[in-house]
Amino acid sequence: MKFSTRSRYALRLMAELARCAPGKPLSLKEISERQQLSLKYLEQIVTPLARAGLVKSERGSQGGYHLVKAPSEYTAGEILRAIEGSVAPIPCLESEVNVCPLCDQCFTLPFWTGLDEVINRYMDSVTLADLSGGLSDGQAPAAGCVPKK
């Protein structure tokens, strides 16, 4: 299973917002510069996050986006679902009721159901506070992260 670039960037955007003072708006331009991401792409990503009620925009010269709740109250799962929709590994698990006509005779369905449960449990166990606490200003990158030269 692969997550889209939009999902990866959404987590980075939300982590940047989490590192700001509560209620203090941060412009997408500033996030773009800090994370070295395209401003145009961030504009597309923030729309579903706002639609899902995860961020709120403030207009004006000091405007930008801010979180609507504490970083510890967000999960990676809810952020990813706001961007991707379902993260089920197979289409027949995308809704609460499996409508696949072959589900009663599918030998592999328990495997896919188990994988779906593990993925969702893990995504919902990681908070935005966990994600945003990884690097503070001046701190070295996490192990396995090679900084750009």
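Helices (H or I, at least four residues) and strands (E, at least two) are DSSP runs, numbered from the N terminus. Just after helix α4, glycine 85 takes a positive phi of about 80°.

This is a predicted model, in which local features need pLDDT of at least 70 and side-chain atom pairs count only at pLDDT 80 or more, while totals for chains, interfaces and linings use all residues. Residues are numbered from 1 along each chain as its sequence is written, and side-chain values use heavy atoms, with hydrogens and water left out.

**The nonpolar core**

A nonpolar core is a set of buried Ala, Val, Leu, Ile, Met, Phe, Trp, Tyr and Cys residues joined through side-chain atoms within 4.5 Å. Buried means under 20% relative accessible area, exposed means over 50%, and partly exposed lies in between (1.4 Å probe, protein chains only). The largest such core has 24 residues, of which Leu13, Met14, Leu17 and Leu49 touch the most other members. At least two core residues come from each of α1, α2 (28–35), α3, β2 (64–67) and α4 (76–84). Helix α1 gives the most, with seven residues.

Contact means heavy atoms within 4.5 Å. Leaving out residues up to four places away in sequence, leucine 49 touches Ala10, Leu13, Met14, Leu54, Val55, Ile79, Ala82 and Ile83.

Leucine 28 sits in helix α2. This leucine 28 is buried, at 9% relative accessibility. Its contacts, apart from neighbours within four places in sequence, are Leu13, Leu39, Leu42, Glu43, Val46 and Tyr65. Leucine 28 and glutamate 16 are 12 residues apart in sequence, with 10.0 Å from C-alpha to C-alpha.

**One face of α4**

Helix α4 has Ala76, Gly77, Ile79, Leu80 and Ile83 as its buried residues. Seen down the axis of α4, they fall within an arc of 165°, so they line one face of the helix. The arc is that of the directions from the helix axis to the C-beta atoms. An α-helix has 3.6 residues a turn, so residues three or four places apart point the same way. The buried residues of α4 pack against α1, α3, α5 (109–125) and α6 (128–132).

**Aromatic rings**

Rings of Phe, Tyr and Trp (its six-membered ring) pair if their centres lie within 6.5 Å; planes under 30 degrees apart count as stacked, over 60 as edge-to-face and the rest as tilted. The whole structure holds two aromatic pairs.

| Pair | Centre to centre | Angle between planes | Type |
|---|---|---|---|
| Tyrosine 9 and tyrosine 41 | 5.5 Å | 80° | edge-to-face |
| Phenylalanine 111 and tryptophan 112 | 4.8 Å | 75° | edge-to-face |

The tyrosine pair links distant parts of the chain: tyrosine 9 is in helix α1 (residues 5–18) and tyrosine 41 in helix α3 (residues 39–51), 32 residues apart. Tyrosine 9 is buried, at 17% relative accessible area. Tyrosine 41 is partly exposed, at 24%. Phenylalanine 111 is exposed, at 52%, and tryptophan 112 is partly exposed, at 28%.

A charge sits over a ring if NZ of Lys or CZ of Arg is within 6 Å of the ring centre and within 35 degrees of the ring normal. Lysine 69 lies over the face of tyrosine 74, 4.9 Å from the ring centre.

**Cysteines**

A disulfide is a pair of cysteine sulfur atoms within 2.5 Å. The structure has zero disulfides. For cysteine 100, the nearest cysteine sulfur is that of cysteine 92, 5.1 Å away. Cysteine 100 is partly exposed, at 27% relative accessibility. For cysteine 106, the nearest cysteine sulfur is again that of cysteine 92, 6.4 Å away. Cysteine 106 is partly exposed, at 32%.
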